Amino acid sequence: MFNFDSTFKEMMQSHNLGTVIILGHMNPDGDAAGSVMSLAHYIHVNYPQYKVMPYLAETLERGPKKLVLEDKVFTPFEKPDTDGKPYCVIVCDNATLKRMVGLEYFRAAAASIVVDHHASNEGYGDVNWTKVSEACAENVYHMLDKDLLRKAAEAETHPTAADYIYLGILHDTGAMARANRGILLALSDLLSMGVDHQELMKTMNCDTLDILNKRGELVRSAKRVLDGNVAYVMINEKERDEKKIEYEDFRKIGSILRDCEDIKLGFTMYEESKNVWRCSFRSDGKWIDVNELLQFFGGGGHVSAAGLKYRTDNVEDLKKQILDRVAEMTATVKR
């Protein structure tokens with residue numbers, strides 16, 4: 001198991017650094033926010049000699065964003081100001097350099113630590129600890145000194161380091177739908193540190209009736225292919241603007257389709273800007289490994305959840321290539 005504290009202390013001292021910047025990935029979710037913010041609070045309390053600056057993209061999902069905006073210590077939507085001094089960067093929940101928010105800070109850092117849980121991690125950074133798991137925040141929990149984590153939780157008001165770790169695990173396990181014994185034990189320990197489960201559950205759903213109506217219409221437009229095993233929804237830029245559909249309202253559809261008893265793979269294709277398509281794929285991880293599927297096209301993620309951003313003026317051709325690869329990968333899988 002990775003010992004964050006000894007690695008962090010040695011790195012800061014050997015490079016004579018006084019500042020830490022903590023980064024995540026583009027369009028952050030609850031796990032990215034939870035991992036970044038929990039480390040920021042942990043270092044703030046236990047290593048007060050260092051200046052800590054977490055940085056998150058404004059496009060953070062609505063539920064986690066509400067919690068982050070309650071933070072009494074940090075303002076992570078503001079760009080870090082290093083005053084021209086050397087610093088260390090810690091990157092959480094980010095597999096590839098091209099998906100990192102604040103890449104310029106990473107490239108200019110005197111030293112770097114990467115903590116991730118994606119099988120597709122590129123292995124970048126001076127120290128890279130990538131352990132495939134359900135949530136990056138789960139890895140954060142295991143790598144930290146538990147006495148110091150408890151100290152951080154008791155030293156500050158909500159949200160604390162423990163709250164943020166819980167948030168990350170909660171979101172990347174689908175409200176514990178993919179939890180295992182180790183995760184439940186970790187959550188039990190975090191609850192003993194003062195985490196309010198019911199309060200954090202409120203970050204899972206921030207939908208309005210209008211959003212649900214739009215999502216219902218989109219689900220009704222789903223197409224089934226490959227003997228009915230696959231369902232997808234596509235929306236282009238014109239439809240997106242006419243129906244006022246934001247990506248956060250759209251992204252959940254892949255999971256909704258996947259969770260249908262008679263669907264093995266659900267995916268969405270959303271034209272984020274002219275000819276730039278943002279795709280999200282969800283499966284049970286058994287019929288098809290969507291990380292392996294999308295790596296072929298330059299995307300990736302996890303066995304059961306992966307994404308792809310692709311520039312093309314012929315999305316129908318892209319969709320056909322993806323479905324052809326799905327058919328090829330599942331040809332020997334018992335249906």
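Modeller: Before we start, when I say two residues touch, I mean they have heavy atoms within 4.5 Å of each other. And bear in mind that this is a predicted model.

Colleague: Fine. Which residues does L191 touch, then, leaving out those up to four places away in sequence?

Modeller: Y166 and H197. L191 itself sits in helix α8, residues 181–192.

Colleague: Why is L191 called partly exposed?

Modeller: Its relative accessibility is 38%. Buried means under 20% and exposed means over 50%, with partly exposed in between, so L191 counts as partly exposed.

Colleague: And what makes E61 buried?

Modeller: E61 comes out at 12% relative accessibility, and the cut-off for buried is under 20%, so E61 counts as buried. You'll find E61 in the loop between β2 (51–55) and α3 (62–68). Skipping residues up to four places away in sequence, E61 touches P28, D29, G30, H171, E248 and R251.

Colleague: On to the helices. Why are α2 and α7 called roughly antiparallel?

Modeller: Helix α2 (residues 30–46) and helix α7 (residues 161–172) pack at about 165°, with their axes 7 Å apart. Angles over 145 degrees count as roughly antiparallel, so that is what this pair gets called. The crossing of α2 and α7 is left-handed.

Colleague: Which residues make that contact?

Modeller: From α2, they include G30, G34, M37 and H41, and from α7, they include Y164, L167, G168 and H171. By class, the contact of α2 with α7 has seven nonpolar, six polar and two charged residues.

Colleague: What makes α7 roughly antiparallel to α8?

Modeller: The axes of α7 and α8 cross at roughly 150° and come within 10 Å. The cut-off is over 145 degrees, so α7 is roughly antiparallel to α8. The crossing of these two helices is left-handed. A162, I165, Y166 and I169 of α7 meet I183, L187, L190 and L191 of α8.

Colleague: How do those α7–α8 contact residues divide by class?

Modeller: Eight nonpolar, no polar and no charged.

Colleague: Which residues touch the most other members of the largest nonpolar core?

Modeller: F4, F8, I22, I43, I90 and L190, out of 58 residues in that core. Leaving out residues up to four places away in sequence, F4 touches L39, Y42, I43, I90, I113, M143 and L144. There is also a second, separate core of 22 residues, with W277, V290, V315 and M329 among them.

Note on methods
Residues numbered from 1 in each chain as written. Predicted model: local features only at pLDDT ≥ 70, side-chain atom pairs only at ≥ 80, totals over all residues. Heavy atoms only, no water. Axes fitted to C-alpha atoms, helices over the stretch in contact; angles between N-to-C directions. Helix = DSSP H or I, 4+ residues; strand = E, 2+ residues; numbered from the N terminus. Parallel < 35°, antiparallel > 145°, perpendicular 65-115°, else oblique. Left-handed = near helix turned anticlockwise from the far one by under 90°. Nonpolar A, V, L, I, M, F, W, Y, C, P; charged D, E, K, R; others polar. Buried < 20%, exposed > 50% of the residue type's maximum accessible area, 1.4 Å probe, protein only. Core = buried A, V, L, I, M, F, W, Y, C linked by side-chain atoms within 4.5 Å.
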